[in-house]
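Trainee: I have a model open and want to learn how to read it. Where do we start?

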Amino acid sequence: MAALLQVKNLKTQFFTQDGVVKAVDGVSFDLGEGDTLGIVGESGCGKSVTVLSVMRLIPQPPGKIVDGEVLFDGEDLLKVSDEQIRRVRGNKIAMVFQDPMTSLNPVLTINQQISEALELHLGMNKEAARKRTIELLETVGIPEAAKRVDDYPHQFSGGMRQRAMIAMALSCNPQLLIADEPTTALDVTIQAQIIELVKRLQKELGMAVIWITHDLGVVAGLCQRVIVMYAGHIIEQAKIKELYGHPSHPYTLGLLGSIPRLDAARKSKLTPIEGLPPDLIDAPPGCPFVPRCAYTQDICVQERPELRTVAPEHQIACWVDVKGGKG
Amino acid sequence: MAGQNGVLLEVKNLKMYFPITQGIIIQRHVADVKAVDGLDFFVRKGETLGLVGESGCGKSTTGRAILQLYRPTAGQVLFDGVDLCKIGGEQLRRTRRRLQMIFQDPYASLNPRMTVGDIIGEPIEIHGLAKSRKERLERVQELLRVVGLNPYFSNRYPHEFSGGQRQRIGVARALAVQPEFIVCDEPISALDVSIQAQIINLLEELQSDFGLTYLFIAHDLSVVRHISDRVAVMYLGKIVEIATRDKLYYDPLHPYTKALLSAVPIPDPTVEEKRERIILVGDVPSPVNPPKGCHFHTRCPIAIDICKEADPEFVDKTGDGHWAACHRV
């Protein structure tokens with residue numbers, strides 16, 4: 001399996017008045033062609049900043065990618081010129097954002113917005129681009145695409161806007177689709193539609209997908225591999241069945257224990273993770289999860305654990321061996 | 001439905017329409033957004049009724065109409081036998097002490113210029129529940145302790161707290177007037193996953209400590225299942241099904257409830273592999289011009305001709321409190 005994307009020791013920091021926020025602090029992962037990777041974590045854990053860094057979309061200043069490599073097809077995206085990265089964005093790597101209400105331009109028609117990428121990256125003329133746009137809208141399941149193509153975003157519902165965003169992302173046949181919480185703003189029935197759509201498109205087009213979410217349920221039905229992030233670090237990564245079958249990091253265990261499941265017997269009480277996510281300015285030297293962890297030992301406070309392998313293709317960043325299992 | 005023992009709140013044929021007007025100086029009434037269109041349900045003392053549905057189905061409007069934050073267009077809201085829609089002024093204000101609300105967004109529902117002590121103390125003062133400043137402060141500190149915050153936080157401002165802590169302040173404010181009934185309007189949707197469980201546990205503890213009755217509004221079916229005794233499912237301004245929790249989740253009758261349940265992702269890849277999803281086509285129609293007949297027929301996988309013509313009656317299908325509105329069951 002050839003690696004399509006290799007992220008090595010990525011560090012992104014934000015220089016604010018209050019201090020340096022280490023939003024992403026040494027993240028490494030690989031993604032093969034046609035793979036689906038889920039990145040799970042709470043708000044502020046660095047999951048969005050990770051992929052925005054891959055696309056080089058970090059606002060600068062205050063943000064800065066201070067270290068690391070992002071090898072896409074063998075080329076380090078952090079080193080190429082602005083001109084070159086623009087040719088990659090929207091063309092080879094496309095992105096779908098969380099909020100379809102704010103990520104479409106309200107004063108341009110859907111046709112103008114999708115055609116723009118086609119004209120820019122593939123050099124199509126207006127007519128060809130329009131034809132292709134209609135095809136794309138049909139692919140993502142917009143009814144009466146030929147008529148709706150001249151609508152403005154406000155004439156679309158939330159689910160349709162997200163479909164239009166996906167159509168736009170697909171326009172140049174990307175090798176990698178990054179979806180940043182694409183269904184968080186949508187209702188469950190619409191979320192189910194979008195997930196089915198992405199699964200189908202992935203099968204048909206063979207692209208790789210990175211799916212970012214805070215919902216452990218969405219990932220379970222969609223991805224092959226999962227990365228769990230906490231406070232700017234990867235704290236656990238594994239194949240999907242391994243992760244849900246034998247979660248090993250105390251944080252992952254905590255997350256799985258704190259959400260009620262629709263199919264399991266009702267528990268009398270949930271077991272929340274006590275405390276709050278840490279402040280990323282002036283993080284203490286030890287493991288960032290220490291203040292909320294039930295298994296803390298002396299070493300956890302002194303030194304931050306590196307990722308170590310606990311089972312084939314299953315790594316955790318934790319000093320302690322916690323026996324994880326279902327229920 | 002009426003007359004049953006222990007019923008604290010009963011809603012009869014509740015309708016809440018918002019007018020759409022045209023023109024600037026002379027406003028003509030052209031249509032209505034039928035946000036809530038004829039609801040019948042009751043809540044027993046001490047129980048939690050979950051109210052679920054997708055955005056725009058009218059669940060939050062229902063909560064607000066019960067508290068008379070909106071004056072309903074038609075129908076009755078009987079709280080302890082008194083119709084809240086008929087009373088006003090001083091009488092309504094005094095009755096409202098017994099009904100409170102916890103809001104969805106803990107960032108928007110606390111006044112940023114007031115200290116936490118003033119936020120929680122204001123309802124105590126309005127309802128004259130404390131005789132002196134000192135007593136008020138003691139009460140505020142006790143409430144902070146009850147919701148799991150440090151009592152000495154009372155002179156801090158909301159921006160000094162995290163989302164979960166702010167939601168605790170919102171809960172303390174609702175508890176300040178010793179209410180009997182609380183409408184929880186998506187109290188955990190704005191919070192992080194690891195924090196959600198903390199607030200759910202807090203709400204459950206408070207319920208058993210103070211004998212509270214909840215109307216728990218949410219779109220997350222797993223959470224509603226966890227906290228509710230009975231569950232009502234709404235679609236486009238109407239309740240389509242009400243049942244006890246286990247009946248609704250294990251034996252749903254209405255096709256919309258079935259689709260909704262099947263769409264909820266389960267955090268287990270082995271289960272997900274085997275699951276059959278009912279994927280609904282299309283979107284929720286506009287409440288300005290809802291479809292004729294059953295509101296759900298445009299997306300229903302089992303709709304027949306009668307569904308397009310006649311509005312199905314909301315009846316007890318099994319004879320033991322499992323109500324549904326569908327021609328096909």
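Mentor: We take the chain contact, then a helix, a sheet and a helix pair.

Mentor: This is a predicted model: local features need pLDDT of at least 70, side-chain atom pairs count only at pLDDT 80 or more, and totals for chains, interfaces and linings use all residues. Residues are numbered from 1 along each chain as its sequence is written, with chains lettered from A and ligands numbered from 1 in the order in which they are written.

Trainee: Is helix 1 of chain A mostly covered or mostly open?

Mentor: Mostly covered: eight of its eight residues, 47–54, are buried. Buried means 20 or more other C-beta atoms within 10 Å of the residue's own, all placed from the backbone; 12 or fewer is exposed, and in between is partly exposed. Just after helix 1 of chain A, R56(A) has a positive phi of about 55°.

Trainee: In what order do the strands of the chain B sheet run?

Mentor: Strands of a sheet pair through backbone hydrogen bonds, parallel or antiparallel. In chain B, eight strands make an open, mixed sheet in the order 6-7-8-3-9-10-12-11. Pairing needs at least two DSSP bridges between two strands. Strand 6 (99–102) and strand 11 (315–316) of chain B are at the edges, each with a single partner strand, so one side of each has no neighbour in the sheet. Strands 9 and 10 of chain B run antiparallel, joined by six bridges. V233(B) has E241(B) as its bridge partner in strand 10 of chain B.

Trainee: At what angle do helix 3 and helix 4 of chain B cross?

Mentor: Two packed helices are described by the angle and the distance between their axes. Helix 3 (116–126) and helix 4 (133–146) of chain B cross at roughly 120°, with axes that come within 9 Å. Axes are lines fitted to C-alpha atoms, for helices over the stretch in contact; angles run from 0 to 180 degrees between N-to-C directions. Helix 3 and helix 4 of chain B are therefore oblique to each other. Under 35 degrees is roughly parallel, over 145 roughly antiparallel, 65 to 115 roughly perpendicular, and the rest oblique.

Definitions and conventions. Helices (H or I, at least four residues) and strands (E, at least two) are DSSP runs, numbered from the N terminus.
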